[in-house]
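Subject: Structure handover

Hello,

Here is the structure you will be taking over. My notes on what was found in it follow below.

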Amino acid sequence: MAQVSYIQAINQAMDEELARDPLTFVMGEDVVLAAFGATRGLHKKYGSGRVRNTPISEAGFVGAAMAGTRPICEVEFASFFYCAMDQVCNQAAKLRYMSGGQARLPITFRAVYGAVGGAAAQHSETVYAQFLSVPGLKLAMPSSPSDAKGILKSAIRDDSPVIVFEHLALGRLREEMPPGDHLVPLGKGAIKRAGDNVTVVAIGAMVPKALKAAERLAADGISVEVVDPRTLVPLDEDMILQSVAKTNRVVIADEGHLRGGAAADLSALIVEKGFDLLDAPPRRVTSLDVPIPFSPPLEKAAIADDARIEAAVRELAGR
């Protein structure tokens, strides 16, 4: 079976959903041009009525779902969500609840997040933590091609707003794609590597880094279980707590910032619901609380990586 890249998997997901449902359409900045490759070929196949370029105005293109269509909005860089916070958080997230379920909001937002190599502070931020305290939104961050395809297809079919965060650094990852109508349920995490000594809960782009660290640690007899939540909302709490019950030690790896980040939320969950499972306090491995630098050496110094994960695991394991 041919291998598919992360970007190709996203393209396949949208292509299949556009073909399946005529009310589904794509809109966003540069989707005709396919700046990152995810929408390549879709405009030619489906036409300008269903693959639409928009002005550079995030606040103006996030609200078509109440009219009965199923839009896929490409926000391009996740930092651009700051320009549409009212539309996403104060409107889309709340209207289904405020209408007593009469209004459906089947809208999917796609955005590239994280440090991608010298893109500077306004194009490099990891922003999903900013949405964690907004009831009504679902948040996904796939870490592999098969997850990217399956999660995006599930998001498009969901009747609530879903934000799918795609790390551009994962774009060239390749793997075989499951056959057929491949769906990954929102709220179902995955054990990416089984282990016995320390659990690493890794979010999005941190999953490959955690797996790399786990490979090196295994050579020294430290068995690491790598857990991928895949979605932060809804969250597979049972999977995380079961893994912590098995290893009794946990590192949470997130490219977001330390203060007020997703790692802090997961750490609080584990302490609150699994305190008696722990032989040591949870450790958080995150990026520094600074704007992401343009300078490549400074960017590397600011961003969490596999070496920091490895060091945290060794400290917890006492080796």
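Leaving aside its neighbours within four places in sequence, which residues is Phe81 in contact with? With contact meaning heavy atoms within 4.5 Å, the partners of Phe81 are Val75, Val88, Phe109, Ala111, Phe131, Ile163 and Phe165.

This is a predicted model, in which local features need pLDDT of at least 70 and side-chain atom pairs count only at pLDDT 80 or more, while totals for chains, interfaces and linings use all residues. Residues are numbered from 1 along each chain as its sequence is written, and side-chain values use heavy atoms, with hydrogens and water left out.

Cores

A nonpolar core is a set of buried Ala, Val, Leu, Ile, Met, Phe, Trp, Tyr and Cys residues joined through side-chain atoms within 4.5 Å; buried means under 20% relative accessible area (1.4 Å probe, protein chains only). The largest has 63 residues, and Phe81, Val88, Phe131, Leu137, Ile163 and Phe165 have the most contacts inside it. A second, separate core of 21 residues includes Val207, Leu217, Ala253 and Ala280.

Strand E5

Strands (E, at least two residues) and helices (H or I, at least four) are DSSP runs, numbered from the N terminus. Strand E5 covers 108–113. Six of the six residues of E5 are buried, so this strand is largely enclosed by the rest of the structure. Thr108, Arg110 and Val112 lie on one side, and Phe109, Ala111 and Tyr113 on the other.

Two strands pair if DSSP finds at least two bridges between them. E4 (70–77) runs parallel to E5 and is joined to it by five bridges, with Ile72 partnered by Thr108. Six bridges join E5 to E7, also in parallel; there, Val112 has Glu166 as its bridge partner.

Cavities

A cavity is a set of points on a 1 Å grid over the protein atoms alone where a 1.4 Å probe fits but cannot get out, and its lining residues have an atom within 4 Å of a point. Volume is the space filled by probe spheres set on the points, which are joined across faces, edges and corners. The structure holds three cavities of 30 Å³ or more.

Of its 13 lining residues, Phe36, Ala38, Glu74, Arg110 and Val112 lie nearest its centre. E5 gives the largest share of this lining, three residues.

The second largest cavity has a volume of about 50 Å³. Its lining includes Tyr6, Phe36, Arg110, Val112 and Glu166, and the largest share, three residues, comes from H1.

Regards

Notes. On a 1 Å grid over the protein atoms alone, a cavity is a set of points where a 1.4 Å probe fits but cannot get out, and a pocket is an open set with protein on both sides within 12 Å along at least five of seven lines; lining residues have an atom within 4 Å of a point. Buried means under 20% relative accessible area, exposed over 50%, partly exposed in between (1.4 Å probe, protein chains only).
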